[in-house]
Amino acid sequence: MKYTQLGRTGLKVSRLVLGTMNFGPQTDEADSHGIMDAAQLAGINFFDTANVYGWGADKGRTEEIIGSWFAKGGGRRDKTVLATKVYANMAPDGDRVWPNHDKLSALNIRRSVDASLRRLGTDHIDVYQFHHVDRDTPWDEIWQAMDVLVQQGKILYAGSSNHAGWHLAQANETARRRGSYGLVSEQCLYNLAERRAEMEVIPAARSYGLGVIPWSPLHGGLLGGAIRKEREGGAARTVSGRSADSLANSAIRGRVQSYEDLLDRHGLEPGEVALAWLLTRPGVTGPIVGPRTADQLASALRAVELELPDELLASLDEIFPGPGPSPEAFAW
C-alpha cells in the first residue's frame with residue numbers, strides 16, 4: 001500500500017479509503033468484519049463511515065458494525081484512521097423529526113459525536129466530517145463546537161463533504177480568524193465521468209491545504225464495465241440518484257462504450273483504471289472504495305499499483321474531457 005499526507009496535516013493515510021456504506025444494508029456483520037480485516041492486512045488504514053449509514057430503521061448500524069470489529073482487539077483501532085460524519089437526522093424513517101436533531105448546530109454536533117463514539121466503541125474520532133452544508137448555522141458556531149470537541153479529545157480533525165469551493169473558503173477563513181485549525185479534507189463527487197469538481201472545489205481544496213477524497217469513483221458502477229456486464233447478463237450497477245449520467249442516454253452510453261473498448265485494447269479492467277486515474281489527479285488523497293465483497297476489495301487494491309501511461313491518460317481525457325479550471329471554463 002502507498003501512503004500520503006492528509007492535506008496539510010501530519011497524518012499519513014492510505015491512497016485507498018475503505019468506504020463502509022454497504023456494511024449492514026448490503027453486507028452482513030461477519031462479512032463486513034472480513035472485509036475490514038482484509039483491508040487492514042493490505043495496508044489500508046483510512047476507514048470512512050457516517051452516523052446515518054445503515055439507513056431506514058437501522059441508521060447507525062454501520063458504525064455499530066465497525067465498533068464490534070474494533071472490540072475484537074488486535075490493534076484494530078490503533079491502526080485505523082477513523083472518519084465519520086455528522087448532519088443527517090437519525091430518527092428512523094417515518095418517525096417524527098424533532099427540531100435540533102440534525103444539521104450542524106452546536107447542540108446537534110455535541111449530541112451526534114457522543115452517539116457516534118458510543119456506536120463505534122472508541123474514545124475519539126480522527127476526522128469528523130460535515131456531511132453536507134448547513135445554510136442555517138454560522139461557521140463561527142460550528143467552529144466553536146468543534147474546538148470544544150478537540151479540546152475534549154473527542155476529535156482530532158474536521159473535514160467536509162459535498163461542499164462548494166466557496167464554502168471551503170468561507171469555512172477556513174472563519175477558522176483562521178478564530179485561530180482554529182479549520183477543515184483538513186473535502187469529500188466530493190469526482191470521477192472520470194463527473195469532473196465538475198475540477199472547476200472550483202479541487203482548486204479551493206488545494207489552496208487551503210485540504211486533502212480531496214473522491215466518493216463514487218466508479219460513478220455508481222458506470223465506470224466498472226457496466227456495458228460489458230449488461231451484455232454478459234450480469235447485475236451491472238447503473239447510475240442513479242445524484243448522478244445525472246445514465247446508460248439510457250445515448251451520448252453517455254457512447255462514451256462508456258468507447259471507454260470499455262479502449263481498455264479492452266490495453267487489456268485493462270475498467271474499474272481498476274477508474275481508480276488508478278483518480279490517483280494521478282493533483283490534490284487527491286485517495287478515492288473511497290465501498291466493496292460489498294472481498295473480490296471487489298481485491299480489485300480496488302490492484303488499482304494502487306497500476307501505472308497509466310501518458311498515451312492512455314490522454315485518450316481518457318478525450319473520452320471524458322474535464323471542464324477546465326474556473327474562470328476559464330465559463331469566461332474568456
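Reply: Start at Ser112. Leaving aside neighbours within four places in sequence, Ser112 is in contact with Asn51, Val86 and Tyr128; contact means heavy atoms within 4.5 Å. This is a predicted model, so local features need pLDDT of at least 70 and side-chain atom pairs pLDDT 80 or more, while totals for chains, interfaces and linings use all residues. Residues are numbered from 1 along each chain as its sequence is written, and side-chain values use heavy atoms, with hydrogens and water left out.

Ser112 lies in helix 3. Helices (H or I, at least four residues) and strands (E, at least two) are DSSP runs, numbered from the N terminus. Ser112 counts as buried because its relative accessibility is 7%. Buried means under 20% relative accessible area, exposed over 50%, and partly exposed in between, with a 1.4 Å probe and protein chains only.

Which residues of helix 4 are buried? They are Trp139, Ile142, Trp143, Ala145, Met146 and Leu149. Their arc around the axis is only 160°, which puts them on the same side of helix 4. The arc is that of the directions from the helix axis to the C-beta atoms.

The length of helix 4 also fits. Its 14 residues (139-152) should span 20 Å at 1.5 Å a residue, and its end C-alpha atoms are 20 Å apart, which agrees. The expected span is 1.5 Å times one less than the number of residues. Just after helix 4, Gly153 takes a positive phi of about 80°.

8 strands form an open sheet with parallel pairing, in the order 9-8-7-6-5-4-3-10. Strand 9 (211-215) and strand 10 (288-289) stand at the edges; each has a single partner strand, so one side of each is left without a neighbour in the sheet. Strands pair if DSSP finds at least two bridges between them. Strand 7 and strand 8 pair in the parallel sense over 3 bridges. Ala158 has Leu183, in strand 8, as its bridge partner.

Last, two charges over rings. The charged end of Arg77 sits over the ring of Phe70, 5.4 Å from its centre. Arg96 lies over the face of Trp98, at 4.0 Å from the ring centre. The test needs NZ of Lys or CZ of Arg within 6 Å of the ring centre and within 35 degrees of the ring normal.
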